[in-house]
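Morning, everyone. Let me put the model on the screen, and then we will walk through it.

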Amino acid sequence: MTGAPPLRRSGWSIFVFWAPLAATWLMMAFEGPFLAAVIARLPEAKFNLAAFGVAVAFAILVEAPVIMLMSASTALVEDASSFRKLRNFTYSLNALVTGAMVVVLIPPVFSGIAQTLIGLTDEVARLTYGALIILLPWPGAIGYRRFFQGLLIRGGKTRLVAYGTVLRLTTMTATAIVLYVAYALPGAYVGAAALSVGVCAEALASRLMAHRTVRAFVSIHRSEETGRALDYRRILEFYYPLAMTSIIGLVVPPMLTFFMGRARAPVESLAVFPVVNALAFMFRAFGLSYQEVAIALLGKEQEHAREIGRFALGLALAASLGLAFIAFTPLVNVWFETVSGLSPELASVAITPTRILVLVPALSVFLSLQRAILVRGNATRPITWATVLEVIGIALLFVGLSAGFDMVGVTAAVIAFTGGRLAGTAYLVAPCYWVLEKGAASLPPAPR
């Protein structure tokens with residue numbers, strides 16, 4: 001297709017292709033610290049930060065099935081037929097996740113989850129419910145824009161993805177500032193409104209910017225050769241493990257929220273966790289942005305795996321060293337107290353978890369590379385099992401650390417998260433080797 005990524009796979013060509021997507025993820029990583037800083041400067045900051053963190057965790061869990069649509073459209077769309085079928089699949093999935101969000105908002109359902117299961121206080125639960133209502137458009141908008149962003153990546157137009165994110169951040173920032181200055185709204189509501197407006201603007205922009213790319217795909221008509229045509233069954237077989245990976249993986253934030261609500265210093269932990277996570281996410285973004293790059297550039301026969309892997313190694317070192325430079329220097333106090341607006345008391349709680357998370361950005365790079373190899377090889381099932389192992393590891397580690405060592409909830413949470421991510425990444429080493437050396441067909445049968 002015209003505009004497809006160049007065949008050359010030098011380090012520079014990979015960097016040029018990756019840089020706009022990295023900028024996109026870094027800009028998205030700005031959302032968390034910015035909104036946390038706004039909320040921290042509004043009344044009842046501790047309760048609103050906790051409620052905002054819980055509401056976002058709920059919203060992310062509901063959107064889990066649509067997260068991998070970007071990878072799916074990058075890997076699967078080749079012509080008019082595959083575009084239309086994956087588009088229809090996307091719209092159906094968006095309707096399902098929006099319906100799930102509505103179910104969560106039914107008062108008895110929400111009360112059972114937020115107060116009975118998680119154990120939120122009445123005030124935090126009230127703020128969380130209002131923030132979730134405002135976030136109702138979020139899951140469908142995420143799925144819509146990720147589908148079209150995948151098409152842009154497939155067409156080699158990664159800069160347009162970055163432009164959409166600039167618009168998202170601009171509208172999000174403007175919304176937050178206007179609400180902060182002009183309206184006496186709780187901080188959790190301000191943050192949720194800013195997120196919803198921003199992601200809806202980006203979804204619309206992604207569709208408009210993908211117009212020419214869509215026309216190019218629609219103009220390609222291929223014969224329905226046996227084994228080649230993309231039908232709904234093949235989409236389900238390909239996407240189901242990826243969706244399950246997202247669903248299982250995105251259980252982690254609400255699961256950790258649940259655990260922290262019952263560990264030592266629960267309110268402090270819930271308040272600082274989104275701030276710590278937002279800082280770590282800025283450096284994890286280097287790895288998260290690499291998955292679709294690797295899918296697009298590995299080649300049909302994974303012939304560029306060596307160059308893609310070499311670039312990933314350098315990226316992993318840079319990402320973890322960047323977080324370490326903040327976490328282990330006086331910049332950590334500047335970040336949490338001056339930039340994020342935390343009180344000295346909350347900032348002191350946040351420092352140790354941040355230092356523990358230093359390894360995670362490198363692991364994010366390696367995990368993205370592994371997933372790309374398996375997606376490109378049409379061997380998506382091991383990705384799901386790696387995520388299952390990761391989640392089980394996180395749960396076991398957290399329970400052991402909080403119960404056996406009486407750790408502060410947020411510290412136990414990040415240790416458990418790091419340990420679980422290590423286990424999941426290690427699990428994928430063997431399947432990736434099989435795909436690279438012998439092809440996906442040679443993989444041993446996965447457990448069912």
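This is a predicted model: local features need pLDDT of at least 70, side-chain atom pairs count only at pLDDT 80 or more; totals for chains, interfaces and linings use all residues.

One definition before anything else: buried means under 20% relative accessible area, exposed means over 50%, and partly exposed is in between, with a 1.4 Å probe and protein chains only. Residues are numbered from 1 along each chain as its sequence is written, and side-chain values use heavy atoms, with hydrogens and water left out.

Confidence next. pLDDT is the predictor's confidence in each residue, from 0 to 100. The protein chain averages 89, and 95% of the residues score at least 70. Residues 1–6 are below 50. That stretch has 13 contacts beyond near neighbours in sequence, a contact being heavy atoms within 4.5 Å. Residues 442–448 also stay under 50. For them the model has 13 contacts beyond four places in sequence.

Now the loops. When I name helices, they are DSSP runs (H or I, at least four residues; strands are E, at least two), numbered from the N terminus. Asn378 lies in the loop between helix H18 (360–376) and H19. Its relative accessible area is 49%, so Asn378 counts as partly exposed. Asn378 has a positive phi of about 55° and is not a glycine. Why point that out? Because most residues other than glycine have a negative phi. Glu44 has a positive phi of about 55° too, and is not a glycine either. Look for Glu44 in the loop between helix H1 (11–40) and H2.

One more loop residue: Glu303, between helix H14 (290–297) and H15. Glu303 is partly exposed, at 46%. From Glu303 to Met68 it is 235 residues in sequence and 24 Å in space, C-alpha to C-alpha.

Next, helix H12, residues 252–260. How many of the nine residues of H12 are buried? Seven, so H12 is largely enclosed by the rest of the structure. The buried ones are Val252, Pro254, Met255, Leu256, Thr257, Phe259 and Met260. What covers them? The cover includes helix H2 (45–63), helix H11 (232–249), helix H13 (266–288), helix H19 (381–405) and helix H20 (409–427).

On to charges. A salt bridge here is a side-chain nitrogen of Lys or Arg within 4 Å of a carboxyl oxygen of Asp or Glu. The structure holds nine. Take Arg168 with Glu202, at 2.9 Å, N to O. Arg168 sits in helix H8 (residues 158–182) and Glu202 in helix H9 (residues 187–209), so the pair ties together parts 34 residues apart in sequence. Arg168 is buried, at 3% relative accessibility. Glu202 is buried, at 0%. Both belong to a network of salt bridges that links Glu31, Arg145, Arg168 and Glu202.

Then Arg421 with Glu390, at 3.0 Å, N to O. Arg421 is in helix H20 and Glu390 in helix H19, so this pair ties together parts 31 residues apart in sequence. Arg421 is buried at 9%, and Glu390 is buried at 6%.

Being four residues apart in helix H11, they are separated by about one helical turn. An α-helix has 3.6 residues a turn, so residues three or four places apart point the same way. Glu237 and Arg233 are exposed.

Aromatics. Rings of Phe, Tyr and Trp (its six-membered ring) pair if their centres lie within 6.5 Å; planes under 30 degrees apart count as stacked, over 60 as edge-to-face, and the rest as tilted. The whole structure has 14 such pairs. Phe110 and Tyr129 are edge-to-face, at 5.0 Å centre to centre and 65° between the planes. Phe110 is in helix H5 (residues 107–117) and Tyr129 in helix H6 (residues 122–134), so the pair ties together parts 19 residues apart in sequence. Phe110 is buried at 5%, while Tyr129 is partly exposed at 25%. There is also one aromatic cluster of Trp12, Phe15, Trp18, Phe286, Tyr290 and Phe311.

That is the tour. Questions, please.
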